[in-house]
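Please open the structure in your viewer and keep the selection panel at hand. The tour below goes from one selection to the next and says what is found at each stop.

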Amino acid sequence: MNDLESRLSAALHTEADELSAAVDLPRAAVELESRLDRLERDRHRRTWVIGLAAVVAIALAVLVGVRLAAPHIDTEPVSPTTSYTSQGFVVPFTANVPDWAAGPTPPVTGDRRIVWQNDQCWTDCSPGQDAKLIVLAPQVAFGATESDRLVIPSAQGYLDHLTALQDAHLLTLSGVHPATFAGHEATVLDVVASSAVPGGLGCAGSGTVDTAEPSCWSFLPGTRVHLAVIRADTRPYYELGSVAPPLLVLLRADKGNPQLATYVADVDHLLATVQIPEPPAPTYRSNSTVMPFTLVLPPWATRVSPATAPSGRLVTWEVSCESAVASSAADCAHPSRIFGAMSPVGSGPDPVGSLPDKPGVTIVGEFSSQLVDRRSAQFATVVATHDVPAALGCDAAGSCPVLAAGTTTRVADIAEHGKPPLIVWESWTTGAPGTDGLAADFDAAVQSIRFGT
């Protein structure tokens, strides 16, 4: 190496040392690795964010698609509502009924139909002058003619009936979609009739198209029916074996009614509020072949053993005089509470109806009529000012319950076709503490009665 080369090599080494000292290569390498790690993490983070955003976008698209495709029932009512509890209807239920239906007149009720009318228009209705809210459990329905009488076996059977009417070009179905109300599957749809189909909507009874007293409802041209076909189990109430008619909740209104959209929204809200309780488990089952029935006893009677008469026609639950009731020995001359059921013999056809003719009996309020397990029943509340023997009939010769002096009695006379009636009653010391709710408990117990075959 010559002198020039030596000086050049030394200069290069010196410059390299200065550059190395200035740059600090180890620290630079660490810094570079750190930056590369951050870049890698950022790249992975961007990948996850992009992937997550894609998943969210797909989920939102599916949700929007389902939301658009699926029917949506707006549960907010357009109109004010009133809570309604059915009485004697074949399927017990509660619901919030729009005030335009509940307000003007009481509903027309029966064991298989409830009808609220917004006006008194039954036939030949002017445009915008007809709107009816109906709850119906149809046994039969009619096709194109009265000879086409169909026993409705199920909810699907009813939907098949509507499809057959559409196939016959008598009506058009639209907006058909599934729903669930009170835990029961249902189908909601709209029906517009192009021709009259008398009795086509369904009949509350065995099926007689009678315009004077309509138990059958028709599809009429110029009307729209907004309809929910609910698969409620009606067999415990109908007792028709495998035949389980559906529960229909519907609005039938003139298509020209300016309030139609409001009515439909209100009916959708009603459907969303429907509650159908399970039939209560009976707490007593009669073993008598004379009067086979089950019932849910008043709460106090569930703690008492029943006493059955030798005839098998009378059963009672009694609570003897209680300290909270008894203020003297005279107050214990009769049980403080008694609940009983009897199938009387040798009595007239209407034991309860004859109560006003008996001395010492005062009727409180008025007689009322209800349906108990599809049988007509007459209810009354009476006060006895002195002992009234055989006031409700006798289960055998010389065995006749007594309405005791100083007691109030709530009684129901339930008609049995071709048999003696079933008399059910509950008595308590008039004015005794804790007795204010006994009448309501009694009515609930009677409504729970189910007769055997």
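**Disulfides, then the pocket**

Begin by selecting Cys-203 and Cys-216, where the torsion about the S-S bond is about 110 degrees, so the disulfide is right-handed. This pair links distant parts of the chain, with Cys-203 in strand S10 (residues 197-203) and Cys-216 in strand S11 (residues 216-219), 13 residues apart. In this predicted model, the sulfur atoms of Cys-203 and Cys-216 are placed 2.0 Å apart, and both cysteines are buried.

A search of the whole structure gives two disulfides, and the next selection is Cys-394 with Cys-400, joined at an S to S distance of 1.8 Å. The link of Cys-394 and Cys-400 is right-handed, with 95 degrees about the S-S bond. Cys-394 has a relative accessible area of 18% and is therefore buried, given the limit of under 20%, whereas Cys-400, at 28% relative accessibility, counts as partly exposed.

Now turn to the largest pocket, whose volume is about 760 Å³. Select Pro-92, Pro-280, Gln-447, Ser-448 and Arg-450, which lie nearest its centre among the 32 residues of the lining. Domain 2 (81-273) and domain 3 (283-451) both contribute residues to this lining, so the largest pocket lies between them.

To follow the lining by element, colour helix H5 (235-238), strand S15 (293-295), helix H7 (438-447) and strand S25 (450-451), each of which supplies at least two residues; the largest share, three residues, comes from H7. Colouring by class instead shows 16 nonpolar, ten polar and six charged residues in the lining of the largest pocket.

Conventions: Residues numbered from 1 in each chain as written. Predicted model: local features only at pLDDT ≥ 70, side-chain atom pairs only at ≥ 80, totals over all residues. Heavy atoms only, no water. 1 Å grid on protein atoms, 1.4 Å probe; cavity = no way out; pocket = protein on both sides within 12 Å on 5 of 7 lines; lining within 4 Å. Points joined across faces, edges and corners; volume = space filled by probe spheres on them. Helix = DSSP H or I, 4+ residues; strand = E, 2+ residues; numbered from the N terminus. Nonpolar A, V, L, I, M, F, W, Y, C, P; charged D, E, K, R; others polar. Domains from an automatic or database assignment. Disulfide = S-S within 2.5 Å. Buried < 20%, exposed > 50% of the residue type's maximum accessible area, 1.4 Å probe, protein only.
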